[in-house]
Amino acid sequence: MTAGRFSRQSFLGKDSQLQIARCTIGIPGLGGGGSHTVQQFAHIGFKRYVLYDGDVTEDSNLNRLIGAESRDARAQTPKLHLAKMMILGLQPDAIIRGYACKWQDNPEPLRECQIVVGAIDEYRGRRELEIACRRYLMHYIDIGMDVHGEERPVIGGQVILTSPGAPCMTCMGFLTEEKLGAEAARYGNAGARPQVVWPNGVLASTAVGFAVELVTGWMRTARPYAYMVYNGNDATLMPSKTLKGLERHVCRHFSVEDLGDPVVMAL
Amino acid sequence: MNVAIKMTGRLYDEIRQDLERPHPFAFERVGFVFGKIGTASDAGWLVLLTRYHAIPDDHYIDDPTVGARIGPDAMTWAMQAVYHGRPAREGIFHIHMHACPGETGMSRTDAREMPPMIPGFQSVGRDAAHGIIIMSLDHGSGWVRLPGSKDLQSCSSMSVIGTPVGVFDRTGERS
Amino acid sequence: MDYPEPQVEELKRYCRKLGAVQEGGVTFYSLEGLCLPAGCDPPVCDALLCPTSRDQYPSRLFLSVKVKSPYDRNWNRENARIGEKNWFAFSWKVEGANLTLAQILTGHLLGFTKPK
């Protein structure tokens, strides 16, 4: 590890590069949001990755898929391959475990991560990923963007950090039965969601910042949870109002009983 | 086959705070920490630590030849905890601390005294993992006996999922 | 929510082995070898019964496979990950106040054989 490359981030702490190099990051989904985070993690010096994505590059991805070029759409280059090349181009000694499938189809490698960054489209997917992160003790950083309204489009999004023992996405008011129910009712009719590169960039960068803070502790403050709301029209990223009063909140949705492989109690 | 241990930052702090307290006569403190298992990749395992039990002062035996010795009350408590943890497949780990930096391993006394405890725990809690954890000032090492196994396997790493995250890889290079 | 023991015992009539698994603050009843109504393929499969409100359904029955049944159903949950396994569920509401566990289960099983 050359001293020069990371000299501009030495403020992260004297052992920060060692800490960063030892941490395993899981990224289930290497699309618009995930590809941004991969690039940044590689630049910062992360060397251990567990990646999932079974999709190939298509023309409609090129407006936002970091690392993809026109020829990748023609060649239908797997997104997993693009991510690996980005990482190895900056960290040739990186250890990358990549799976061309959904994480649910091969969940065991993800459990070995310390931090998972999810850019998942659906609320139920987020719930499932958060449950896995609580079961197998991982910090979970969620990013997502959406565009709603036809007459005057509004770009919205969020970056959420949730950690074992801290308020979960339900405690923070992000996951609700209403949202999950509405999504279930729309199943099969979701259509292609609007996605553009610059909000993905804002959200992914914030997520990576959270991850670096978790690994290095450079800010010297403990932040085990966060919920930042993005307004792309106003170009703002603000803490959610739903966080008010959560400082002493005890999450009742997960407990130590939920740790490890599920145990079916015979009745 | 890899075995890795994980715990929350809160549990790590609780354990450290207790183990670092002075004892009226023992040179060091010991405790019990509980854990549940999870399957990992390539037939590997995770041990996810759940809760800590601080051994009461009066459950120690005054033995100046060793760092700490726990008495029958402590062992009885531990066995009962393993028994009650059976439905949840929760196992038990003897834990103590070496007051030095870096990766640490079992001392001669540790290697003589601690492994013999484990078969007894396993006979009561057959479906759980049991073992030994030794912390240092900035690292941690573990040895685990998995369900159905007769061997104490060395853990490849220990992670503290806290703020900040800690990752203690086992390199075999003792401090 | 805790259900009275007689209700839990009654569920055993419908499956080979009954259990409970907790996840995310929700209790699911695990029914290994649940017997499905005539005309279903397969005739037996594993299931998870969630007797409490979920995804804005009053209750849900998740199956270990996507079952072929006499009537086409809207399988709006595919590969739902619960208890570290993947499950399938079709859109079906079982409504009624103070239903027993068995009534909830049979209400869902009716979904296989009742035209909408």
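In chain B of this predicted model, strand S2 (residues 30-39) and strand S4 (residues 91-97) run antiparallel and are joined by six bridges. Both strands belong to an open sheet of nine strands in chain B, in which the pairing is mixed. In chain A, strand S6 (residues 154-162) pairs with S5(A) and with S7(A).

**Sheet of chain B**

- The order of the strands is S7-S6-S5-S4-S2-S3-S1-S8-S9.
- Strand S7 (153-154) and strand S9 (166-169) of chain B each have a single partner strand and stand at the edges, so one side of each has no neighbour in the sheet.
- Within the pairing of S2(B) with S4(B), Gly35(B) has Gly91(B) of S4(B) as its bridge partner.

**Strand S6 of chain A and its burial**

- S6(A) is mostly covered, with seven of its nine residues buried.

**Pairing of S6(A) with S5(A)**

- Strand S5 (residues 139-148) of chain A runs antiparallel to S6(A), and nine bridges join the two.
- Ile160(A) in S6(A) has Asp142(A) opposite.
- S5(A) and S6(A) form a hairpin with five residues between the strands.
- Gly149(A), in this hairpin, takes a positive phi near 90°.

**Pairing of S6(A) with S7(A)**

- Strand S7 (residues 226-231) of chain A is also antiparallel to S6(A), with six bridges between them.
- Tyr230(A) in S7(A) stands opposite Gly157(A).

Terms used: Residues numbered from 1 in each chain as written. Chains lettered and ligands numbered in written order. Predicted model: local features only at pLDDT ≥ 70, side-chain atom pairs only at ≥ 80, totals over all residues. Buried ≥ 20, exposed ≤ 12 C-beta atoms within 10 Å, placed from the backbone. Helix = DSSP H or I, 4+ residues; strand = E, 2+ residues; numbered from the N terminus. Pairing = 2+ DSSP bridges.
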